[in-house]
Amino acid sequence: MKASPFLLEIAGISKAFPGVLALDNVSLNVRAGTVHALMGENGAGKSTLMKCLFGIYSPDSGEIRMNGEKLQLSNSRSALLSGISMIHQELYPVPFRSVMENLWLGRFPLRGFWPLRFVNDKKMYEDTMRLFEELGMDIQPEMITGRMSVSKIQSLEIAKAVSYNAKVIVMDEPTSSLTANEVEHLFHIIDSLKQRGVAIIYISHKMEEILRISDEVTIMRDGKMIGTWEANSLTTGRIINLMVGRDLTSRYPERHNIPGDVLLQVEQFTSSLPKSFKNVSFELRQGEILGIGGLVGAQRTELVEALFGIRSLSSGRIRINGKLIRIRRPIEAIRYKMALLTEERRVTGIFPVLSVLENTVVANQKSYQKLYGLLDERSRITDTERSIQRLSVKTPSPKTQIRYLSGGNQQKVLMARWLLTNPDILLLDEPTRGIDVGAKFEIYSIIAELAEQGKSIIMISSEMPELLGMSDRIMVMCEGRLTGILDGRKATEEEIMNLAAQYSVRTGGSA
Amino acid sequence: MNTSLKRVSEFLTNYAIYVVLVVLIIGISVSAPSFLSLSTLTNILHQNATKAIIALGAAFVLITGGVDLSAGRVVGLSAVISASMVQVSDYPRKFFPDLDQLPVVVPVLLAVFAGILVGLINGLIISKLHVPPFITTLGTMVIVLGVNSLYFDMPPNSSQPIGGLRNDFTKWGSGTIDIGPFSLPYLVIIAIIVAVICWVIFNKTRLGKNMYAIGGNVQAAHVSGINVGRNLLWIYSIAGALYGLAGVLEAAKSGGASTGYGNMYELDAIAACVVGGVSTTGGIGTVPGIMAGVMIFGIINYGLTFIGVGPYFQLIIKGAIIVVAVAFDIRKYLAKK
């Protein structure tokens, strides 16, 4: 077999999930000692591809070769031993233990003989120091890992990858929580990795970064590979075109809502955390659908959760119907007739082992209380059945545990839960994430109908067609700041993308 | 908040348990100055040596993120096993009437082995059948009491308290080494040796570091190639061995044994651990901290009696200390949202 010019070859990978073809015959070739950027909108299939590479998903077809040899990747450990490492966006160390223990976890150097065999702390310390010196990292091996900055923990993870003799290192949004100086430092580390012949697959939304450090760029869209280009032949504008270039079809219902008077005013919202949202002001009208767009890390969820009283503010004011109010806890937000559909349906939404019935009525229990605090079972059942009918939830029975329903139907139950509280303002955080296309349309129809009835809706979405298809106005955020508000009927994907990447392009340029 | 005040509050949160310990000693000493004496110290150490050993066993399990409810009943089992084989030959109701004088080491090893066996079973059920530790050890706790009661009920003993233990056995529980005017109980020396060994395991061995990793983030441990199941087998077995040893020493200290021995000790051990800074969600805990936790309860027991506080009030104070100490300790880990 002829030696391939590529270190890593991902050849014709396909992966289907129920209702979605997540990867459609995707190929990616990476050369040793280069940075290969992988780009695409949220949901384009980048993460799925990387999970196949890291042995977390097994692809339905296609193969992965390293140095021309086919790899059998059954789990993340086998990927690790094959020379593939991944630096996760959310890093997973053991927080209470030292840096060096995290680094050598599972393969501590030992000395002595059984049963007097001890971990060789001295060697571990020296090996750690040597590794850090080679990579130009300034970290104390004995630091408690959980007390370090995200940047340092990331360096630690990179060092760990190198110590496993990684030939390919995947970095997923590595700069999303770094300061400008830390980004520079990361780029130095990446340079030294390139010199060692390591190939880096770099996933990022930040154009300036990509154009600066990558050698090649591969762009994905809707689970397909669009192509691979030399980085120096591309411009920001061209990348955006390639990423979003697709038609808007009639995947969205017609809307007849007419935005009325201003209902909610948010003024100068600033998080109490330093790297979160800052000085965000906007207003929401009655019967209006306000979309919030932006990239991962734009702090949209944080903003909406702060509005709902889950996160704390350092400054900012809320007015409802012009009246100044304060919301410090979710219960207060609910009293002002707000409802929040959270982003992580499984974590903060459903009660998996409870029935559809219990999941539907849980936020509305108070209204079913009769004398002596007993619950009125009949109206609980009636309300649930009415909700199931109204939102066309597909469930064998109201008594079925909600975990047996599909994602789309679970989401409908959650919408039903909040609708029973009769809210005026609905905050929807990625309401169609992980839901198949058919169910999406039903959710969109429900949203449109609610707006028509005069409910005000804020919808966070990372899918630009969804924002364009559903919103009266689109508010775009970038790195915690509001970068613009567009008219939903006239805006284009390019405009949204420009606003969503605006801030990072500018800082990238000045760094 | 100004910086010096902030520093004080940081110190208080980081060293809460030691602060509680010092405050307790000062408080009791002020109301009864004679409390501060060498004999008081020796008494407290002697009373709490076995509790320290049990707490160390419990800590192994807690740090992995588990819990071991079988501890107390294992103490009872090994107390009865060891006592049943070291009775003087002319004792009227001898457990084994025809048993010759065994070397002390034999019953001791058998009793410790019984502890290891229970620990091993716990570990197997948890790692192979994936039954949660709380349920597993709740089950074995009850089973061990049943087994122990059957053994204890065998004729000719028929559930009579076992007495008449040989001097070469009981001396390990009540004897002392005299250095000038100061006499140090064997029991305390044994507990100190066990604590040092535990410290070495916690800090210097692969098993110890894996234990912290499993409790701190079991997913990370797994991905890093740690055999979580096998490590848990070791952890639960070591814990069982320590409860077994503590049971032997309890029998030696009191000069007898019955199935009631060790009842509810697991709760004392867990209380001492959490007051000593061990996290019940795993990943955190130090040997000095656990020792401080044991001592806090030892000083409360002894000191409050010393200054004339009634036993019922002592219970209330003990309960309050558990909650307050942990409320302080947990502030170290609370994340801001």
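Analyst: The answer below begins with confidence, turns to the cysteines and ends with the annotated spans.

This is a predicted model, in which local features need pLDDT of at least 70 and side-chain atom pairs count only at pLDDT 80 or more, while totals for chains, interfaces and linings use all residues. Residues are numbered from 1 along each chain as its sequence is written, chains are lettered from A and ligands numbered from 1 in the order in which they are written, and side-chain values use heavy atoms, with hydrogens and water left out.

The model has an ipTM of 0.78 and a pTM of 0.79.

With a disulfide taken as a pair of cysteine sulfur atoms within 2.5 Å, the count over all chains is 0. B:Cys198 is buried (under 20% relative accessible area; exposed is over 50%, partly exposed in between, with a 1.4 Å probe and protein chains only), at 2% relative accessibility. B:Cys273 is also buried, at 0%.

An unreviewed UniProt entry places "transmembrane region" at several spans of chain B, among them 184–202, 269–300, 133–152 and 312–330; such annotations may be inferred rather than shown by experiment. Residues 133–152 of chain B are 100% helix and 0% strand, with end C-alpha atoms 27 Å apart. Residues 312–330 of chain B are 95% helix and 0% strand, and their end C-alpha atoms lie 28 Å apart. Helices (H or I, at least four residues) and strands (E, at least two) are DSSP runs.
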